[in-house]
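Please open the model in your viewer and keep the selection panel at hand. The stops below take one selection at a time.

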Amino acid sequence: MKMHYDTSKRELLILLDGEIDHHRSALLRNEIDTALYAHMPSVLILDFRDVTFMDSSGIGLIMGRYKIIQPMGGEIQIQNPSAYIGRVLRLAGMERLAKISEGVSA
Amino acid sequence: MKMLNEFRCVFPAVSTNESLARAALSAFLIPADPTAQELADLRTVISEAVTNAIVHGYRNSSGDVAVCLRMLPDRVLYIRVSDKGCGIPDVEQAMTPLYTTAPEEERAGLGFAIMQEFTDSLAVRSSAGNGTVLTMRRKLGQIHEEQES
């Protein structure tokens, strides 16, 4: 996982990678939340281009971050999910919580 | 029913074994040559089932998870995931989308919805105190022979 904070836009970009299951999401949650509370961004961008697997634990990960950033007045954007991950996101109704965009350059 | 192949394994209910279960399923499916989507769907299904056993069956206490995979005739994959954990007192409620008993673990309550969406049939046998057995079936599409160019 890599992250980049854009101070002027107050955007926190998280480049997720590998497999996001229950085991991994517990680790990712801590890393992301540390950065969230450090920067208090107005936009949290989760980039899925390098994610090779995701189950409902990934949905829980997104929902949990939404619950943190939404009361701060921030929003979540999801970008570059594979077709398969896009299907899981839609099945979970994630488009109601976050803007989902494909084909976004880094 | 006649089966063409079978793989059984038992492992402790720890979260690092979720990826082990996915890897076992992927390896078992190699001879069937599934499409990328079929493989992705079924890896998700087994991940949800095994995670349920670990998180909800044993609530992170110790115990074993048993996985049985069978290839049945007509390219039907059979998956059984069982635990001897706390069981599900109300199966119908547990299968309701967004219902979860572990919100503090950030469970989305979508495991059963995903398993149902990505399989052709799902059966749950469980009662409080007696563990849980999930059985699922998914028919794979026909193999398309590579065309000589």
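**Two crossing helices**

Select α1 and α2 of chain B: their crossing is right-handed (the near helix is turned clockwise from the far one by less than a right angle; helices are DSSP runs of H or I of at least four residues, strands runs of E of at least two, both numbered from the N terminus). The two helices pack at an angle of about 145°, with their axes 9 Å apart (axes are lines fitted to C-alpha atoms, for helices over the stretch in contact, and angles run from 0 to 180 degrees between N-to-C directions). Among the residues making the contact are B:Leu25 and B:Leu29 of α1(B), and B:Leu42 and B:Ile46 of α2(B); contact requires C-beta atoms, placed from the backbone, within 7 Å.

This is a predicted model, in which local features need pLDDT of at least 70, side-chain atom pairs count only at pLDDT 80 or more, and totals for chains, interfaces and linings use all residues. Residues are numbered from 1 along each chain as its sequence is written, while chains are lettered from A and ligands numbered from 1 in the order in which they are written.

**The side facing chain A**

Next, display both chains: 20 residues of chain B are in contact with 18 residues of chain A. On chain B, α1 (17-29), α2 (36-57) and α4 (111-118) each give two or more residues to this side, and α2(B) supplies the largest share, eight residues.

**The strand pair**

Finally, select residues 5-12 of chain B, strand β1. Eight bridges join β1(B) to β2 (residues 64-72) of chain B, and the strands run antiparallel. B:Phe7 stands opposite B:Leu69 in β2(B).

Methods
Two strands pair if DSSP finds at least two bridges between them. Two residues are in contact if their C-beta atoms, placed from the backbone, lie within 7 Å.
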